Amino acid sequence: MIQNSWLIPLLPALAYAVIIIFTRRSKVISAGLSILTMGVCFVFSIGVFNELIHLDPVSRSVSLGWTWLKIAPWEAHVGVLIDPLTSNMLLVVTLVSLLVQIYSLGYMHDDERFSTYYSYLSLFTASMLLLVVSNNYLQIFMGWELVGLCSYLLIGFWYFKPEAAEACKKAFVVNRIGDMGFLMGVITIGMKFQTFDFGEVQKLVTQGIADGSFHADHYIAGIAILLFCGAVGKSAQFPLHVWLPDAMEGPTPVSALIHAATMVAAGVFMVARTYTIFSADPLSMTIVAYVGGFTALFAASIAVAQDDIKRILAYSTLSQLGYMIMALGVGGYTSGMFHLTTHACFKALLFLGAGSVIHGVHGQDIWKMGGLWKKMKITAATFLIANLAIAGIPPFAGFFSKDAILDAVHESSVPGHMVLYYAAVFTAFLTAFYMFRLFFVVFLGEARDHHAYDHAHESPFTMTGPLMILAFLSICIGWLNWPGVDAYSKFVYFGSTSPEGASGFFQLLAQSWLSLLVALLGIGLSAAFYYFKVFSAEKAANRYRPIYLLLKNKYYFDEMYGWFVKKVVFGFASAFQWFDDVVVDDGMVDGSGWITRKFGWLFSLTQTGYVQNYALVVFGAVAVIYLLVSF
Amino acid sequence: MNQIPVVHFLYLSALLFGIGLFGVLARKNAISVLMGIELMLNAVNINFLAFAKFWGQGSLTGPVFVVFIITIAAAEAAVALAIVISIYRQLKSANVDEAHYLKG
């Protein structure tokens with residue numbers, strides 16, 4: 001299986017080509033082909049995992065390479081690197097993509113460009129898989145850019161809506177800023193190490209640390225920070241977070257795919273993949289940890305004041321990604337990747353659930369919903385499970401991974417780690433609060449908009465089926481790291497030994513009393529506000545109106561960036577335009593012509609047209625030459 | 001035999017050349033300019049013959065040159081007069097100053 005794992009990204013790419021070229025006319029064949037390939041890829045991924053787990057832990061890293069380009073003396077390679085990290089990502093990506101594609105059968109059934117949609121999904125997944133299996137920096141960059149392209153295509157899938165067209169442009173441009181850093185990082189790696197291969201770079205870095213030659217090498221810090229720029233863009237960390245909430249304009253299953261598996265996970269995965277470089281430099285680790293921690297808190301606070309069901313989820317994704325990045329920054333490699341895995345399940349579930357709600361009531365404003373529990377039992381129940389998972393209530397999945405992160409932050413040696421820890425705990429509180437706010441407002445209470453309510457209906461089985469599978473995973477997947485079992489920790493870890501977890505479930509509960517308490521507090525407060533109506537949300541919002549407006553307007557980041565682009569960037573641009581118009585165009589281009597013409601005019605004065613003048617000049621010249629020669 | 005010294009030939013030829021040059025540079029009538037050119041050519045001929053006589057040691061190189069120059073001068077005069085006639089037809093005048101179409 002491992003020997004043939006290069007097929008995993010290739011199959012969906014082929015499916016894309018076949019759908020676009022041949023089967024676009026038939027919705028059934030296109031969707032079937034896409035889903036079938038994804039199913040095969042999922043089975044393949046299980047096979048790879050199965051083979052990998054039977055290998056000795058030390059040799060669980062298989063790299064296969066082929067030469068792609070030869071530009072002597074340099075060669076570019078393509079290849080596959082299968083190790084526990086890759087295998088983990090393969091399972092997550094193929095599973096989520098498979099479920100999303102099945103779900104889309106119901107969600108997109110009357111869209112005109114149904115086949116095109118499926119082809120894009122295939123290409124999107126193929127790009128992500130290419131990125132995941134790659135064994136060198138060049139290939140990961142190709143996958144990286146392809147993922148960016150596909151997200152552009154899918155966010156702007158309904159391009160006739162102006163908001164969607166704007167959103168896809170925004171996503172693309174903001175990502176480009178991060179990608180610039182990533183590309184520079186990759187180039188620097190090439191210059192410094194003369195190779196792009198992950199394994200070789202890792203070997204060189206480890207060697208350099210061991211013999212002390214990297215001790216004060218700013219190259220490593222520079223590379224780490226440049227690579228992290230890419231992760232900040234792709235994983236939507238502060239300050240490049242602005243594209244992700246707007247990415248909501250795409251079809252909801254696409255949001256699920258972007259948020260759970262194929263797009264934003266790429267940044268976290270990339271940091272994990274290049275972890276040797278990061279861990280070689282404490283400064284860059286600290287930056288990573290603080291950016292992640294800040295994003296987690298920042299995004300969670302925004303989510304509290306949003307009214308659009310998908311936007312709330314988008315900000316919760318930002319916040320959870322912040323957790324993952326922070327975990328990586330404090331050295332919690334395993335907990336970060338574990339959270340990525342569990343988050344993929346419950347976030348896909350949340351988005352698909354939201355999609356099901358939107359499908360039912362044809363709207364996204366939570367204040368027009370309400371009481372949907374009665375109408376959409378499966379959606380509501382699975383949504384509740386996902387909510388419990390993301391809030392970190394045991395024994396749901398989020399509890400295990402989030403607590404591992406909090407534990408890693410608590411134990412870390414990053415300067416000021418207790419600040420990060422309390423920020424993370426507060427984020428956990430906010431997460432529980434806003435997720436249950438969403439749940440209470442949408443599914444419980446009285447119907448607010450009767451037209452929407454009467455119209456609401458449970459979604460077809462193609463949509464509820466994936467919801468149930470994901471709900472099952474959202475409950476169980478955390479148990480992989482059941483204290484004492486630690487199956488996940490023993491599989492995915494960085495360095496030579498797997499990290500130690502708590503020794504038993506009750507010990508873990510005791511250890512995490514604080515986060516559990518704040519989560520319950522968040523749920524309780526949310527219930528008091530939005531279910532029992534003990535407090536009035538409107539009154540609180542009015543009383544703290546400036547804060548409410550600040551949060552509702554997302555700290556005015558879009559406005560600030562808008563101002564920055566309009567005033568500063570356009571200002572620079574007009575200065576350069578002036579330079580081009582006046583100095584280059586008028587001065588240099590027209591000027592050289594002007595000078596030539598003037599010289600021509602000057603010399604044309606010698607051409608009098610009087611034949612006797614010419615004769616005089618000829619004679620005079622002969623006389624002068626004669627005089628010069630004779631003396 | 002008392003010969004005329006060579007320098008007298010040279011004086012004559014220089015005088016002739018000067019008159020010719022003056023005609024070329026100063027006269028406005030195209031025919032006069034042509035005449036000036038003829039004079040200059042003949043001044044050169046005198047030089048050739050004088051040098052051939054005094055230092056040529058019987059060589060015919062000088063006189064042969066003169067014959068060629070006379071021939072070519074005749075051809076040149078024919079061409080030049082043709083040009084003058086066509087200029088005259090154009091301008092109703094043979095004044096060289098009026099034919100200054102190439103002024104820059």
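This is a predicted model: local features need pLDDT of at least 70, side-chain atom pairs count only at pLDDT 80 or more; totals for chains, interfaces and linings use all residues.

Biologist: How many helices and strands does chain A have, and what share of its residues is buried?

Modeller: Chain A has 27 helices and 2 strands, and of its 631 residues 49% count as buried.

Biologist: What makes α14(A) roughly antiparallel to α15(A)?

Modeller: Helix α14 (residues 309-329) of chain A packs against helix α15 (residues 333-361) of chain A at an angle of about 175°, with the axes 9 Å apart. Angles over 145 degrees count as roughly antiparallel, and therefore α14(A) is described as roughly antiparallel to α15(A). By class, the contact between α14(A) and α15(A) has 12 nonpolar, 6 polar and 2 charged residues, including Leu313(A) and Tyr323(A) from α14(A) and His339(A) and Phe351(A) from α15(A).

Biologist: Why is Ala236(A) called buried?

Modeller: A residue is buried if 20 or more other C-beta atoms lie within 10 Å of its own, and Ala236(A) has 30 C-beta neighbours inside 10 Å, so Ala236(A) counts as buried. Ala236(A) is in the loop between α8 and α9 of chain A, and its phi is near 55°, a positive value in a residue other than glycine.

Biologist: What makes Lys554(A) buried?

Modeller: Lys554(A) has 21 other C-beta atoms within 10 Å, and is therefore buried by the cut-off of 20 or more. Lys554(A) is in the loop between α25 (545-552) and α26 (557-604) of chain A.

Technical notes
Residues are numbered from 1 along each chain as its sequence is written. Chains are lettered from A and ligands numbered from 1 in the order in which they are written. Helices (H or I, at least four residues) and strands (E, at least two) are DSSP runs, numbered from the N terminus. A residue is buried if 20 or more other C-beta atoms lie within 10 Å of its own, exposed if 12 or fewer, and partly exposed in between; C-beta atoms are placed from the backbone. Axes are lines fitted to C-alpha atoms, for helices over the stretch in contact, and angles run from 0 to 180 degrees between N-to-C directions. Angles under 35 degrees count as roughly parallel, over 145 as roughly antiparallel, 65 to 115 as roughly perpendicular and the rest as oblique. Two residues are in contact if their C-beta atoms, placed from the backbone, lie within 7 Å. Ala, Val, Leu, Ile, Met, Phe, Trp, Tyr, Cys and Pro count as nonpolar, Asp, Glu, Lys and Arg as charged, and the others, Gly among them, as polar.
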